[in-house]
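Please look through the sequence and the three-dimensional structure shown below before reading the explanation.

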Amino acid sequence: MIQPEDEAWMREAIAIARSKGSDPSTSPLGCVIVLDGRMIAGERNQTQELPDATAHAEMMAIRRGCENSGDMELRGATLYSTLQPCGMCTMASIWAKVGRVVYGAGRHDVHQMYFEARHVDTLDFVAEAYRDDISIEGGCLRAECAELYYPPDADLSEEEQANL
Ligand SMILES: [Zn+2]
């Protein structure tokens, strides 16, 4: 169940997503990780700046969260992402032992260019994990989060589609 405090953390994630502008072509994703009521990481995707194809907001936040907590496991932490985490980031969340993943806009709320594969169901990744102490929920500030991205029916050229 999405709680008011989840929405407050998601607003932080949205602010981080917008921190370098709100051009939807730059995939402005924001992610914060909260442990014991405290933000231990807040990152935007940095794939172009670094450059690093794996520098999604969630990957960067997991790295920072592990550094800041001095622990490779983030048990009990909640990871908030403005967009449904991709396959890589969902698996990274499982490996990082976060307890809960909360995302804003879902796969079907935005253009397909933000996803790597056609029919991967990342909710199944969580459901099929060996761990049974992780959950995933979407739709937290769904509309506000979806506004960061191209809508599903946007008419984009092939060049504009980051996943091609
Ligand atoms: Zn990702």
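The structure is a predicted model, in which local features need pLDDT of at least 70, side-chain atom pairs count only at pLDDT 80 or more, and totals for chains, interfaces and linings use all residues. Residues are numbered from 1 along each chain as its sequence is written.

The chain contains five helices and five strands; helices (H or I, at least four residues) and strands (E, at least two) are DSSP runs, numbered from the N terminus. Starting at the N terminus, their order is α-β-β-α-β-α-β-α-β-α.

The overall dimensions come next. The C-alpha trace spans about 45 × 30 × 30 Å along its principal axes. The radius of gyration, taken over C-alpha atoms, can be set against a globule rule of 2.2 Å times the number of residues to the power 0.38. For 164 residues a compact globule would have a value near 15 Å, and the chain agrees because its radius of gyration is 15 Å. Of these residues, 37% count as buried, that is, 20 or more other C-beta atoms lie within 10 Å of their own; 12 or fewer make a residue exposed, and numbers in between make it partly exposed, with C-beta atoms placed from the backbone. Among contacts with a separation of 6 or more, 65% join residues 24 or more positions apart, where a contact requires C-beta atoms, placed from the backbone, within 7 Å.

Two of the helices can now be examined together. The axes of α2 (residues 57-69) and α3 (residues 87-95) come within 9 Å and cross at roughly 20°; axes are lines fitted to C-alpha atoms, for helices over the stretch in contact, and angles run from 0 to 180 degrees between N-to-C directions. The two helices α2 and α3 are therefore roughly parallel to each other, a term for angles under 35 degrees. Glu58, Met59 and Ile62 of α2 meet Cys89, Ala92 and Ser93 of α3.

Finally, two loop residues deserve attention. Asp36, which lies in the loop between β1 (30-35) and β2 (38-44), is not a glycine, yet has a positive phi of about 50°. Leu141 lies in the loop between β5 (135-137) and α5 (142-146), and its phi is also positive, near 55°. Is each residue buried or exposed? Asp36 counts as exposed because it has 8 C-beta neighbours inside 10 Å, whereas Leu141 counts as buried because it has 23.

Note on methods: Contact = placed C-beta atoms within 7 Å. Parallel < 35°, antiparallel > 145°, perpendicular 65-115°, else oblique.
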